[in-house]
There are 2 protein chains.
Amino acid sequence: MGDLLVVGSVALDSVKTPFGQATEALGGSATYFSFAASFFTTVRLVATVGEDFPGEHLALLKNRGVDLSGLQVSHGKTFRWVGEYGYDLNEARTLDTQLNVFADFKPSLPAPLRRTPFVFLANIAPELQLDVLRQMERPRLVALDTMNFWIEGKRDELLEVVAEVDVLVINDAEARQLAREPNLIKAARTILGLGPRSVVIKRGEHGALMASDGHFFFVPAYPLDSVFDPTGAGDTFAGGFMGYLARSDRIDAGALRRAIVYGAVMASFTVEDFSLNRLTRLRSEEIERRYAAFRDLVRVDL
Amino acid sequence: MGDLLVVGSVALDSVKTPFGQATEALGGSATYFSFAASFFTTVRLVATVGEDFPGEHLALLKNRGVDLSGLQVSHGKTFRWVGEYGYDLNEARTLDTQLNVFADFKPSLPAPLRRTPFVFLANIAPELQLDVLRQMERPRLVALDTMNFWIEGKRDELLEVVAEVDVLVINDAEARQLAREPNLIKAARTILGLGPRSVVIKRGEHGALMASDGHFFFVPAYPLDSVFDPTGAGDTFAGGFMGYLARSDRIDAGALRRAIVYGAVMASFTVEDFSLNRLTRLRSEEIERRYAAFRDLVRVDL
């Protein structure tokens, strides 16, 4: 079993969906990622929060065994995000972003963290992702997420770090934007040409696909009667994906495929409630049960 | 091996896509369906064409072994459809529809056709679908397709025939419209409550799903570098689906799943060129090779 390091954001999210709302709830890419991955392996979280960050949230992560030695408590307020979703839950409308302490985030890894074998660079500025990568000592597998904001505004920096990672984990719109190619299959191939060995493309309610040297792999989304709040689904997916790889300590094609399914499993729980609420109630047996259900969803021979 | 009857349209389509155009090319739901299904079993086509219908098109179907004894040649012109697609190939914009002889289509089945065990009621007026169904003698499996036009304008008639069929084959927008439910999973369950034992929902570039008594099955779309013209993809899908069931002469859950994959296989060829052009060049080995490739796309254990 390998350990897993994530660098990203820890935030307080205020989210409104057609089905309800949550105010200043625990959020952030590194939070969803860590919590999801904690079901599989030991996670080391690298992020920053302000002095106003509620201790109960820290306790929640600590109780899941998340190593918080890389979490800086900075002078100022915690990153806040305010967004809402319409009935098409595939896209959030951002109403407000207050970076606060996140604006000056300069991750400096404590020495013991630098040797973590599995690394996830969640969606932060590409320069910071590259800086973290430079601090790592021979990681076994590095995956990276990003977003339209960096693809547009920091393309060169992003391409530099993308060239150095093993797996890119992005959504379909981002893949098209990064590759400058509307066809998703061509876009995936173009991205592989940028350096990564694999690209994992998240497609919301349509599941996910992975492309690696000529081979494609598809997983559907779990058929849910209602998606309550999609916030954090992508980061939870990445947490399940990387968590499984770290636990199995394998990075071959078969392990990557099973990891994708675990990513989809974890994401399917997150969207069932606001914030991390569903994950905090989650039991390992439920994960394995849903993993089996995912296998049944695509089983051709009964 | 069971025979397969289809009732639907035979048309001349003029289609423009960002990649080219075709004028008065062979089209129509029953045409795509029959041609695709002809790779699996004997197909009996029930439709109407005008006196202007090119003999070469009839020859094309005949050479595939399609039984044309139920094809009426009526006084007048053949049904014509003119449409175009933008870069989002998921939806066609209809520019012109000339029903011509199709406006007075009243299918009357020759006696030998009434005992065909597998029946596909392609997208025509629900009263006609019901009328055909009444003429059949104890069919083994009946599937039905429809469209927004009938869901909106002939809802009661449609519900009447839907209640009598085994499988409904529609696209995602139609499923939501028919069930009056935005969530596709709930919509599928609602549709099963209307009578059919299974509902197959086509999702274009996102593949297809089937729901039957509590079980869901998903198949992705084949990862194509370019989709040239999606016209007929849904009918080709249905042709592969029903063709496989008829050939295997089984209607159990496993056969239905394999049939869905064959449907997706056939559709993936159709979209590679205009009209039936790709299908006319298709060889059985290619079908089996792509079926195997589809299995690999979702195989979790390598």
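Two strands pair if DSSP finds at least two bridges between them, and helices (H or I, at least four residues) and strands (E, at least two) are DSSP runs, numbered from the N terminus. Everything shown here belongs to a predicted model, in which local features need pLDDT of at least 70, side-chain atom pairs count only at pLDDT 80 or more, and totals for chains, interfaces and linings use all residues. Residues are numbered from 1 along each chain as its sequence is written, while chains are lettered from A and ligands numbered from 1 in the order in which they are written.

**View 1. Strand 2 and strand 3 of chain A pair in the antiparallel sense.**
Strand 2 (residues 11-17) of chain A meets strand 3 of chain A over 6 bridges.

**View 2. Chain B has an open sheet of 4 strands in the order 3-2-6-7.**
The pairing in this sheet is mixed. Strand 3 (20-27) and strand 7 (92-98) of chain B each have a single partner strand, so one side of each is left without a neighbour in the sheet. Strand 2 (residues 11-17) of chain B and strand 3 of chain B are antiparallel and share 6 bridges. A handy landmark here is B:L12, opposite B:L26 in strand 3 of chain B.

**View 3. Strand 9 (residues 141-144) of chain A is covered on both faces.**
In a regular strand the side chains alternate between the two faces of the sheet. Here A:L141 and A:A143 lie on one side and A:V142 and A:L144 on the other, and all are buried (20 or more other C-beta atoms within 10 Å of the residue's own; exposed means 12 or fewer, partly exposed in between, with C-beta atoms placed from the backbone). Strand 8 of chain A pairs with strand 9 of chain A in the parallel sense over 4 bridges. Look for A:L121, whose bridge partner in strand 9 of chain A is A:L144.

**View 4. A:S108 sits in the loop between strand 7 and strand 8 (118-121) of chain A.**
A:S108 counts as exposed because it has 11 C-beta neighbours inside 10 Å. The C-alpha atoms of A:S108 and A:D131 are separated by 8.8 Å, although the two are 23 residues apart along the chain.

**View 5. Chain A and chain B each give 25 residues to the contact.**
Residues are in contact if their C-beta atoms, placed from the backbone, lie within 7 Å. On the side of chain A that touches chain B, the elements giving two or more residues are helix 7 (184-192), strand 13 (215-219), helix 9 (253-270) and helix 11 (284-298) of chain A. Helix 9 of chain A gives the most, with 5 residues.

**View 6. Helix 9 of chain B is mostly covered.**
Of its 18 residues, 14 are buried.

Terms used:
Contact = placed C-beta atoms within 7 Å.
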